[in-house]
Amino acid sequence: MAANRHAAHDAEAEPEQPDYSVLTDTGLKTLEDAENLFSDFSPERGLLFDLPQITVDASGIEQVCRLAKTEPSLDLKMLHCLSCVDYEEHFQLVYFLHSLDREQMLVIKTNVPYENPVLPSVAGVWAAAEWYEREASDLFGVTFEGNPDSSPLLLYEGFGGHPGRKSYPFYEYREF
C-alpha cells in the first residue's frame, strides 16, 4: 500500500511526457519545423492526441500565426478552428491550423490571464478568425486587440456576463 502511495506521488511530481511516436513522419517534421521557426517565442512542444502542438506566449501569437501561414516549411494557410478553454485561473486559446498542400495540421496554444484576458487578433492573418474571436469575446470575455469588428456575434448587445465561463451563474439566469 505504501508503495502505491509513493508511486502515485512520483507520478504527480513528474508530468508524463507525450508519446511522439503517434505522430507521422510529416507530423514530427511539422513539430520540429514549428519549434525552430518559433524559437523567439519560447515554444513548448506537445501533442493534442495525434496532432503536433506548440504553446507560445500570448504577446507573440499574431507573429507566430503569420509565420505559420507564410513560412513554406509549414504552409498553414487555413485556420480550421479557434476555440477558448476556461481553466478558471486562466483561459487557453487553441488555434487549429491546416496545410492543404502538405495535408498536415498544427495546433498552437496560448494562455491569457483570467482577470485581464487580452491578446492580439489574428483576423489580419486569417479573415475567418474575426468570427471565432467574436465568439470567444461573447462567451468568455476575451478581448482581441485589432479585431475589425468587436460587436457581439452570438449574444445581444448589453447581455450581462459571459456564459462560456465556468463561473457563469446559469441557474440564476432569467431570460424574461
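What share of the contacts in the chain with a separation of 6 or more is accounted for by residues 24 or more positions apart? In this predicted model, such residues account for 52% of those contacts.

Of its 176 residues, 41% count as buried. The accessible surface of the chain comes to about 10600 Å², and carbon and sulfur atoms hold 52% of that area.

The interior may be considered next. In soluble globular proteins, nonpolar side chains tend to be buried together. Here the largest nonpolar core has 36 residues, of which Phe38, Leu93, Tyr95, Ile108 and Leu119 touch the most other members. Several elements give two or more residues to this core: helix 2 (25–37), helix 3 (61–70) and helix 4 (129–140), together with strand 3 (78–86), strand 4 (90–99) and strand 5 (104–113). Apart from this core lies another one, of 5 residues, including Leu48, Val94, Phe96 and Met105.

When residues up to four places away in sequence are not counted, Phe38 touches Pro43, Ile54, Val64, Leu67, Ala68, Leu74, Leu106 and Ile108. One of these partners, Ile108, is named with Phe38 among the core residues that touch the most other members.

The structure holds 3 aromatic pairs. Why is the pair of Phe91 and Tyr114 called stacked? Ring planes under 30 degrees apart count as stacked; the planes of Phe91 and Tyr114 lie at 20°, with the ring centres 4.8 Å apart, and therefore this pair is stacked. The pair joins distant parts of the chain, since Phe91 belongs to strand 4 whereas Tyr114 lies in the loop between strand 5 and strand 6 (118–120), 23 residues apart. Both of these residues, Phe91 and Tyr114, are buried. A further stacked pair is formed by Phe159 and Tyr168, with 6.4 Å from centre to centre and 20° between the planes; Phe159 and Tyr168 are likewise both buried. Phe91 and Tyr114 also form one aromatic cluster with Phe140.

Finally, aromatic rings also meet charged side chains. Arg165 lies over the face of Tyr114, at 4.8 Å from the ring centre. Elsewhere, the charged end of Arg45 sits over the ring of Tyr20, 4.9 Å from the centre of that ring.

Key:
Residues numbered from 1 in each chain as written. Predicted model: local features only at pLDDT ≥ 70, side-chain atom pairs only at ≥ 80, totals over all residues. Heavy atoms only, no water. Buried < 20%, exposed > 50% of the residue type's maximum accessible area, 1.4 Å probe, protein only. Contact = heavy atoms within 4.5 Å. Areas by Shrake-Rupley, 256 points an atom, 1.4 Å probe, with all protein chains shown as cover. Core = buried A, V, L, I, M, F, W, Y, C linked by side-chain atoms within 4.5 Å. Helix = DSSP H or I, 4+ residues; strand = E, 2+ residues; numbered from the N terminus. Phe/Tyr/Trp six-rings, centres within 6.5 Å; stacked < 30°, edge-to-face > 60°. Lys NZ or Arg CZ within 6 Å of the ring centre and 35° of its normal.
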